[in-house]
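Colleague: Can you walk me through this one? I have the sequence and the structure open and a few questions.

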Amino acid sequence: MKEKSNNLLLDLYPSTKFLITLFIIISVFIVKGYLYGYLMVPLCLLIALYARVFKEFASLLIKTLLVLCTFIFLIQSFFYPGDTILWSWSFLSLRQEGIDFSLLLTSRIAAIGSALLLFFRITSVKDIVYSLEQLGLPSKVTYVVLSTLTIIPEMKKLSMTIMDAQKTRGVETEGNLRVRAKAFLPTLTPLILTSVASTEERAITLEARAFTARVKKTSLYRIEKTQKDTVVRILLVILLLVIIVWRVAL
């Protein structure tokens, strides 16, 4: 049984958290203009602060969405077709139509990206896999999802372990780009071999636990829907209906 964290957001069922994410994504396309989309970013930051994952979430936003949105904004501003030229130099022309389209596009990308990043920060992989199993997905499918979500963090952790081992042997791993590249190449072979060995060990472990047996399986880890989930879902439906009515009435 999953332990309670005394945090309303973290204790919600995974599908309820995903519905919150879905609500943000759908509402961004319903509401006209770019202001609403940009407002979703500080809203997600406030939610992350409440869920006590603000530092990690803000770091992800800066490293991914900020760079992506800046690049898209510049490209669309200068190359989107239009007649209202605000500034030009050589083959570059800054157009008002391009700025308007860039603001709308980047606001939606920022809202959708921040909502998805927040979902994966406040929802553990175990909860996602368990909820998928409860929906009736086969164990093989949920295992593929689990492996996909954990492969990058595991590979990063393994590479750091190998790099630390290289340091203890006197290999220089810190410095300029050339030094780091030279130190990284020797880690590829043990990284690949260890990953293959780990895959074989997992396969043996799964078979030992009757993973492929066609019987009803039980789990020590369980998540249950509570009254809070029902209240949040009802509120999301009401808010979505209000947004749709408001959009139609305009």
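## Core, rings and cysteines

Colleague: Start with Ile122. Which residues does Ile122 touch, leaving out those up to four places away in sequence?

Modeller: Bear in mind that this is a predicted model. With those neighbours left out, Ile122 touches Leu9, Leu10, Lys17, Ala51 and Val53.

Colleague: And which residues have the most contacts inside the largest nonpolar core?

Modeller: Ile24, Tyr36 and Ile122 have the most contacts inside that core, which has 28 residues.

Colleague: Which elements give two or more residues to this core?

Modeller: Those are helices H1 (14-30), H2 (35-50), H3 (54-79), H4 (96-122) and H8 (227-249). There is also a second, separate core of five residues, with Phe78, Leu94, Ile99 and Leu103 among them.

Colleague: Back to H1. Is Ser27 buried or exposed?

Modeller: Ser27, which lies in helix H1, is buried, because its relative accessible area is 0% and the cut-off for buried is under 20%.

Colleague: What does the Ser27 side chain reach?

Modeller: The backbone oxygen of Ile24, at 3.0 Å. Not counting residues up to four places away in sequence, Ser27 also touches Tyr36 and Ile243.

Colleague: Which residue with a positive phi follows H5?

Modeller: Gly136, with phi near 105°.

Colleague: Now the rings. How many aromatic pairs are there?

Modeller: The count comes to four aromatic pairs. One of them is Tyr80 with Phe101, which is stacked, at 4.5 Å centre to centre and 15° between the planes.

Colleague: Where do Tyr80 and Phe101 lie?

Modeller: Tyr80 is in the loop between H3 and strand S1 (85-89), while Phe101 is in helix H4, so the pair ties together parts that are 21 residues apart in sequence.

Colleague: How accessible are Tyr80 and Phe101?

Modeller: Tyr80 is partly exposed, with a relative accessible area of 27%. Phe101 is partly exposed too, at 30%.

Colleague: And why is the pair of Phe119 and Phe120 edge-to-face?

Modeller: Their planes are at 75°, and over 60 degrees counts as edge-to-face, so the pair gets that label. The ring centres are 5.2 Å apart. Phe119 counts as buried at 7% relative accessibility, whereas Phe120 is partly exposed, with a relative accessible area of 45%.

Colleague: Which residues do ring pairs link into a cluster?

Modeller: Phe18, Phe119 and Phe120.

Colleague: I was also looking at Tyr13. Which charged end sits over the Tyr13 ring?

Modeller: The charged end of Lys225 does, 5.2 Å from the ring centre.

Colleague: Last topic, cysteines. How many disulfides did the search find?

Modeller: Zero, and that search took in the whole structure.

Colleague: Fine. Are Cys44 and Cys69 buried or exposed?

Modeller: Cys44 is buried, with a relative accessible area of 0%. Cys69 counts as buried as well, at 12% relative accessibility.

Note on methods. Residues numbered from 1 in each chain as written. Predicted model: local features only at pLDDT ≥ 70, side-chain atom pairs only at ≥ 80, totals over all residues. Heavy atoms only, no water. Core = buried A, V, L, I, M, F, W, Y, C linked by side-chain atoms within 4.5 Å. Buried < 20%, exposed > 50% of the residue type's maximum accessible area, 1.4 Å probe, protein only. Helix = DSSP H or I, 4+ residues; strand = E, 2+ residues; numbered from the N terminus. Contact = heavy atoms within 4.5 Å. Polar contact = N/O pair within 3.5 Å; in protein donor to acceptor, adjacent residues only side chain to side chain. Phe/Tyr/Trp six-rings, centres within 6.5 Å; stacked < 30°, edge-to-face > 60°. Lys NZ or Arg CZ within 6 Å of the ring centre and 35° of its normal. Disulfide = S-S within 2.5 Å.
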